[in-house]
Each structure stands twice: as C-alpha cells, then as structure tokens.
Amino acid sequence: MSERSPEQIHDQIRELLDSLYRADSGRILATLIRLLGDFDLAEEAMHEAFAAALSAWPGSGVPDNPRPWLISTARFKAIDTLRRRARFDASQGELVRYLEAQSNSAKKSNEHNSLGDDGPENDGLEDDQLRLIFTCCHPSLPPEGRVALTLREVCGLTTEEIAKAFLTTPRTLAQRIVRAKSKIRDTPIRYEVPSPQELPERLGAVLQVVYLVFNEGYSAAAGAEVTRAELTGEAIRLGRLLAELQPEPEVIGLLALMLLHESRHAARTSPSGELILLENQDRSLWNRKQIAEGVALLEEALKSRRFGAYTLQAAISAVHAEAESVAATDWAQVVALYDQLVRIQPSPVVQLNRAVAIAMRDGPEAGLMHIDAVLENGELADYYLAHSARADMCRRLGRTAEARSAYEKALALTQQEPERQFLQERIRQLK
C-alpha cells in the first residue's frame, strides 16, 4: 500500500479540522470566553488555534483529544496577544499574569491526569455553552442585540449571513454586535448560569430570542420568500441544545412547538413560491417524523404540569398536525386551548388567533364579532394579519365591499412579497 503524500495528509487534516469546527467550535468558543473573559479575544484565539493545528498536526499527528489541544493552544495564543498589547498598555500586564498563572495551574493538572482531559479547559463544557447562551440573551441587552449576538456567538453564523436573513446591512448588524459586547463588558454582565431564583426571568429571555429567530425564519417579516430555512434550522438546533442542557418543561414545549410548525414547511408554498394557507395545504407533504417527535415532547412537557405559553401553543399546533383535514380538526379543543392561553398570555395576537378559531367552530359571524372587538382596542391597527382575518370573515359572509377594504388595508401593511401576491389575488377574486 502506497504511503500518503504530504499534500494528501494536509488535505485530510484540513477536512478533519473543518469537521471539528462545525461540530465543536461553539463549545470551544464558550469555554474560551470563560477562560479569557473577552468575546473578541476568545474568537480571535480560537481561529489562531485552528490555523496552528493545520500547521502542526500533519507533522506531529492528530492528538488523542483534539478539543483540549485546541482550547489550550488558543489560550496560549491569547496570552501572546495580550503580551504584545501590554507593551503599549500597562493595564494589560495584570491580566497576562493572571492568565499565565491559570495556564500553569491547568498544565500541572493535566500532567497529573494521565488522560489529560480533565483540566480547567474541559470542566463543564456543557455549562460553558449554557453560560454563553444566557450571557448573549441577557435582559439588559436590547432584543435586536440579543438575537444578533446569539446567532453570531452561539450559532456561529457570519455577520453577513445574519444580516442577509434579517434584511439589514452587515454594517448595521456588526454595530449591534459591537454594542451588545460593549454592554456585557461595561455593565459588567456576569458570564454565568443564573441562580434558581433568577432562572425563570432569565430563561424566559432566552426562549424569547430562540422563538424570535424561529419566527423570522418561519414567516419572514419582509422579502421575496415566505420562509428562511437557515433561521428555523438554527432556532431548532438552539432549542435542542437548551433541552439537553436545561430540560425545563417550557424549553421542551418550545422545541415541540417549533418542530410541529416546521413539519408543515414543504406544504406552505407552491413550487413557484406562492403562499398556501393551512386549509389548502397538501397534508401528505407534512413531515410525519417531526410531528411524532413534537407530539412526544409535548406530552413530556404536559406531564410536568408546570408548562406555560409555549407548551399550550404546541398543543394547539398538535391538534392541527394530527387532523386529517380542516373539517376534521377538533376546533372546540383549539378554542379551549386558546382560552387557557389567553389567561396566561393575554396578548392581542393570541386574542386574534382565538377569534379565528371561534369562527371555525361557530361560523364567520361569531368570528367577525370577536375580531372587531380585538381591532377596537387599537393595538393591532398596523398588524396586517388582523385586517386579513377580518377580510376573510367578511368575504365568507358575502360582505364584499368590507372585505375589499380590509384586504387593501392588509396589503398596504405587509412587506412580504408572497403575502402581497396572495392578498392581491384575493382582491381580484372578489365580485
């Protein structure tokens, strides 16, 4: 058997490192942020460590435990960077000495341990990821900063990818990330998992970010496409990670909700990109594997009896997922679930969705009465789906002039092209 050439070895190491980066860069970065206390320094050091591995491993061989090697190398790269800075900034000197002492302690610990895989670099890698998520989603950061920082630091998306997904410029997105990092550093926001007393509020902020990311992917606020699969995929990945690290009932409920919604992905648009409403979707295209997983997770969350709004929304989605058609849907159960949801999360959007469910149970006249009551409060005056729902009730009741007026209001408020095309077609169909 012929020996591999240096070029072949180099290519194989590069492939291995690419795979390691995809699988482990999030965990490595989270640990480096804990060890170094600085987002930008940790990110720079991690990339230098991967470059060092590409240079060293073809000659020395791949370590038995690549991740600790990368973390340790990154830490020494960071110390070198700080030493260079200390020549110009005396305040960096103390940090260098602290990190050097920390590294020496880690080295002794690893020498004492024959496996070399239980040093401080590797203590609680899962906790490091959880710390990073809670830090990026801290309530004192602005919502747009939380989303941008989480996608950048936890999910590893580039600034350009995030900017494209949210239809903003890379410069604007980069500014959000810089401001969020500055807030973390200057406040300072502690890099830690919250105490049991703080957890409900802090976990709520994390789940809100994950669901914001999912919703932007599931029903994009603007642009040429209804969905953005890269964002729904990242939100579900974050949900799985949270469920593994912090298996609270609402975390499991949110993951169930996202999977049940995402199961309808293939049926929500036509091959040409046109929007297809739930009532007209080809249910054979729904992803039965995702539905089964979502329902199993939902049952687990419901058993706890400590569930909240995400779990109730998942239960509503499960009723739709398990029905053979719109006509076969248990609308009485859907309304009952919305009644519970209104009690714990009395938002205008929840009231609107409940009104639509009432229309499906009791007819369009009952639905229109409830939708008008919601619109009278004024909070949904600029929400296109409220006017679209009202238009649909009027259309079904034969009130054509009112339907046209409401569809036109909805059309003026939406920026998503498939939604606009759908509403224009509804207006054309009115006689």
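This dialogue goes through some features of a predicted model.

Colleague: What should I know before I start reading?

Modeller: This is a predicted model, in which local features need pLDDT of at least 70, side-chain atom pairs count only at pLDDT 80 or more, and totals for chains, interfaces and linings use all residues. Residues are numbered from 1 along each chain as its sequence is written, and side-chain values use heavy atoms, with hydrogens and water left out.

Colleague: Is Asp128 buried or exposed?

Modeller: Buried means under 20% relative accessible area, exposed over 50%, and partly exposed in between (1.4 Å probe, protein chains only). Asp128 has 0% relative accessibility, so Asp128 counts as buried.

Colleague: In which helix is Asp128 found?

Modeller: Helices (H or I, at least four residues) are DSSP runs, numbered from the N terminus. Asp128 belongs to helix H5, residues 125-136.

Colleague: Which side chains does a polar contact join to Asp128?

Modeller: A polar contact is a pair of N or O atoms within 3.5 Å; within protein, one must be able to donate a hydrogen and the other to accept it, and residues adjacent in sequence count only if both atoms are side-chain atoms. The side chain of Asp128 has such a contact with that of Arg34, at 2.6 Å, and another with that of Arg131, at 2.5 Å.

Colleague: How many salt bridges does the structure hold?

Modeller: Side chains of opposite charge can pair when their charged atoms come close. A salt bridge is a side-chain nitrogen of Lys or Arg within 4 Å of a carboxyl oxygen of Asp or Glu. The structure has 22 of these salt bridges.

Colleague: What is the N to O distance in the salt bridge of Glu402 and Arg390?

Modeller: For Glu402 and Arg390 the distance is 3.1 Å, N to O. Glu402 lies in helix H18 (residues 400-413) and Arg390 in helix H17 (residues 384-396), so this pair ties together parts that are 12 residues apart in sequence. Glu402 is partly exposed because its relative accessibility is 30%, whereas Arg390, at 17%, counts as buried.

Colleague: Which residue also forms a salt bridge with Glu402?

Modeller: Arg399 does, and the closest N and O atoms are 2.9 Å apart. With a relative accessible area of 34%, Arg399 is partly exposed.

Colleague: What is the distance between the closest N and O atoms of Arg185 and Asp186?

Modeller: In that salt bridge the closest N and O atoms are 3.5 Å apart. Arg185 and Asp186 are both exposed.

Colleague: How far apart in space are Ala373 and Gln351?

Modeller: From C-alpha to C-alpha the distance is 9.4 Å, while in sequence Ala373 and Gln351 are 22 residues apart. Ala373 sits in helix H16, residues 364-376, and is partly exposed, with a relative accessible area of 42%.

Colleague: What separation do the C-alpha atoms of Lys183 and Pro142 have?

Modeller: Their C-alpha atoms are 9.8 Å apart, and the two residues are 41 residues apart along the chain. Lys183 is placed in helix H8, residues 170-186. At 36% relative accessibility, Lys183 counts as partly exposed.

Technical notes. Helix = DSSP H or I, 4+ residues; strand = E, 2+ residues; numbered from the N terminus.
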